[in-house]
Amino acid sequence: MDSQNNSISNAMWHAKCPRCHSGDMFPYKWWQITKFVKIHQECPECGLRFDREPGFFIGAMYVSYAMIVAMVLTTWFILYFIFGDPAFEVYLGVIIFLNIVLLPIFFRYSRVIFLYAFGGVKFEKHLKKQNQK
């Protein structure tokens, strides 16, 4: 059970700190529409600074772009092959709707993925044990 709590995928799924896997990266839940963009400056558990340098998360827009492209291609595939190639307006409406609905998720997970991939931070098991005491 402890190895599951230490896994990178579990920590990323729950948007936890990449160093201690305990502290939340975001103070509010993604469905709180007016506050989903707020991110902790530092991990509340281990003190890791999330914004590694000024403008660090600007790179997360490339991850977000890839997520949106994947969503558009999946939507096209489903509409074309399952719903029989509806009119262009249907494609446009569905993609715009999904983009708006999934915006909080894309925003958060693009930052999480970018921090884990390019933040240069490794998991430190002893920090997790200290936080559990």
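A residue is called buried when its relative accessible area is under 20%, exposed when over 50%, and partly exposed in between, with a 1.4 Å probe and protein chains only. The model described here is predicted, so local features need pLDDT of at least 70 and side-chain atom pairs count only at pLDDT 80 or more, while totals for chains, interfaces and linings use all residues. Residues are numbered from 1 along each chain as its sequence is written, and side-chain values use heavy atoms, with hydrogens and water left out.

Phe36 has a relative accessibility of 9% and therefore counts as buried. Phe36 sits in the loop between α2 (8–13) and α3 (60–81); helices (H or I, at least four residues) and strands (E, at least two) are DSSP runs, numbered from the N terminus. Leaving aside residues up to four places away in sequence, Phe36 touches Phe26, Lys29, Trp30, Leu103, Pro104, Phe107 and Arg108, where contact means heavy atoms within 4.5 Å. Phe36 and Phe107 are 71 residues apart along the chain, and 8.5 Å separates their C-alpha atoms.

The axes of α3 and helix α4 (residues 88–118) come within 8 Å and cross at roughly 145°. Such axes are lines fitted to C-alpha atoms, for helices over the stretch in contact, and the angles run from 0 to 180 degrees between N-to-C directions. In the contact of α3 with α4, 19 residues are nonpolar, four are polar and one is charged. Here Ala, Val, Leu, Ile, Met, Phe, Trp, Tyr, Cys and Pro count as nonpolar, Asp, Glu, Lys and Arg as charged, and the others, Gly among them, as polar.

A nonpolar core is a set of buried Ala, Val, Leu, Ile, Met, Phe, Trp, Tyr and Cys residues joined through side-chain atoms within 4.5 Å. The largest nonpolar core has 23 residues, of which Cys17, Met25, Cys43, Leu48 and Phe50 touch the most other members. The elements giving two or more residues to this core are α3 and α4, and α4 supplies the largest share, five residues. Beyond residues up to four places away in sequence, the contacts of Leu48 include Cys17, Cys43 and Val121.

Zero disulfides are found in a search of the whole structure, a disulfide being a pair of cysteine sulfur atoms within 2.5 Å. For Cys20, which is in no disulfide, the nearest cysteine sulfur is that of Cys43, 3.6 Å away. Cys20 is buried, with a relative accessible area of 0%. Cys46 is likewise in no disulfide, and its nearest cysteine sulfur, that of Cys17, lies 3.6 Å away.
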